[in-house]
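Please look over the sequence and the model before reading on.

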Amino acid sequence: MNTYLRRPVLIVLLLVLFTAACRSGDGTQYKVIYSSGIDPQPSAEASEAPYAYTIGMVPKATENSYFNQVEDGAREAAKDLGVKLIYEGSPVADTEQQIRSIRNLMARGVDLLAVSANDSQKLAPALKEAQNRHIRVITWDSDAARYSRELFINMVDPETLGRHLMDALAMQMGEQGQYAILTGTAGASNMGEWVKWIKVQNEEYYPRMTLVQTVATDDDSQKAYSASVKLLQKYPQLKGMIGSSSVATPAAAQAVLDGGAAGRIHIVGLSTPNLMRPYLNNGTVRNVTLWSPKKLGYLTMVLANNLLDSVSPVNGETIRNVGEIRVKDDTVIMGDPLDFTKANVDEYDF
């Protein structure tokens, strides 16, 4: 039995399921299912009592609402588990600052590093250095080179997500026309995987749809907005945009709204319900996709603690406050995403 499952937990799980059928590449049906987030908790350190372990957690950017929600979930888990969490990073997505944060946490004597990598290759030497110092290393949200970590915690299956985003846009565009993709950081492995499967689904099912450009926006809302405006100017026949980061999608929606192109340009992608609520309610966007970032933070801390207790994740096991996880080789998949629409967006607050 999982070590964590034997520990008392202070909060009650609220589980909401939402299912939507989508096409898979092999003709079978895959499902998009969502479990609601964890109740918000105070962000202060849990207590002054001795800690079993100290875990250093490094996000892509600290001044990003998505990663703020991850931190909330991680801090709740740290409190439940009796471990110390040091959550440290740059206000904006910056690989060099991530490396400095990793080295700072190493100097502070953490037992384990959990990192969402802005650049999978550039971070790898610093992570390997931590391993050489007998610090356990895992990644979450965005992976690093496999040799530099022992476990990757992924939010969703990248194939499922990429194909689903392409299907959502194709349905709105009538399966024809030009579209563009706005990603986060260029070196982020998760972004690359999602874009790969978007393209695969495009090629397999939508031959009359054309990807005209993929633009990296560094998880910066201003860069994403400027990039969206330039795309609208550069491609007058553009009919759609896919945002693969939580700030790119609302930035694209705002650019479309400001440009008077709402209804003509279709927007789909990833973001939080709070960021997308205005655009869903005014009809600029029909649906947006995500998962629970709080659950991702919670799960990351649970699995980190388990690894330090010499307990590895098991396929199909149920993690309290998260749900059933899937394990394939050295990757854990938390679950599947949810589509937020005007009809259900007010049910969620994150």
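## Salt bridges and strands

Arg326 is partly exposed, because its relative accessibility is 31%. Here buried means under 20% relative accessible area, exposed over 50%, and partly exposed in between (1.4 Å probe, protein chains only). This is a predicted model, in which local features need pLDDT of at least 70 and side-chain atom pairs count only at pLDDT 80 or more, while totals for chains, interfaces and linings use all residues. Residues are numbered from 1 along each chain as its sequence is written, and side-chain values use heavy atoms, with hydrogens and water left out.

The side chain of Arg326 meets that of Asp336 in a salt bridge, with 3.6 Å from N to O. Arg326 lies in strand E15 and Asp336 in the loop between E16 and E17, so this pair ties together parts that are 10 residues apart in sequence. Asp336 counts as buried, because its relative accessibility is 18%. A salt bridge is a side-chain nitrogen of Lys or Arg within 4 Å of a carboxyl oxygen of Asp or Glu, and by this rule the count comes to 15 salt bridges. Helices (H or I, at least four residues) and strands (E, at least two) are DSSP runs, numbered from the N terminus.

| Pair | N to O distance |
|---|---|
| Asp330 and Arg149 | 2.7 Å |
| Arg277 and Asp346 | 2.9 Å |
| Arg326 and Asp336 | 3.6 Å |

Asp330 and Arg149 form a salt bridge that links distant parts of the chain: Asp330 is in the loop between E15 and E16, Arg149 in the loop between strand E6 (136-140) and E7, 181 residues apart. Asp330 is buried at a relative accessible area of 17%, and Arg149 is buried at 5%.

Asp346 counts as exposed, at 57% relative accessibility.

Ile325 sits in the loop between strand E14 (323-324) and E15. Is Ile325 buried or exposed? Ile325 is buried, with a relative accessible area of 0%. Contact means heavy atoms within 4.5 Å; leaving out residues up to four places away in sequence, Ile325 touches residues including Leu299, Pro313, Val332 and Met334. The C-alpha atoms of Ile325 and Asp336 are 10.0 Å apart.

An open sheet of seven strands has the order E4-E3-E5-E6-E7-E16-E15, with mixed pairing. Two strands pair if DSSP finds at least two bridges between them. Strands E4 (84-87) and E15 (326-328) are the edges, each pairing on one side only. Within this sheet, E7 (residues 151-154) and E16 (residues 331-333) pair in the parallel sense over three bridges, and Phe152 stands opposite Thr331.

Strand E8 (residues 177-183) is largely enclosed by the rest of the structure, because five of its seven residues are buried. Seven bridges join E8 to the parallel strand E9 (residues 209-216), where Val215 is the bridge partner of Leu182. Five bridges join E8 to strand E10 (residues 238-243), also in parallel, and Ile181 stands opposite Ile242 in E10.
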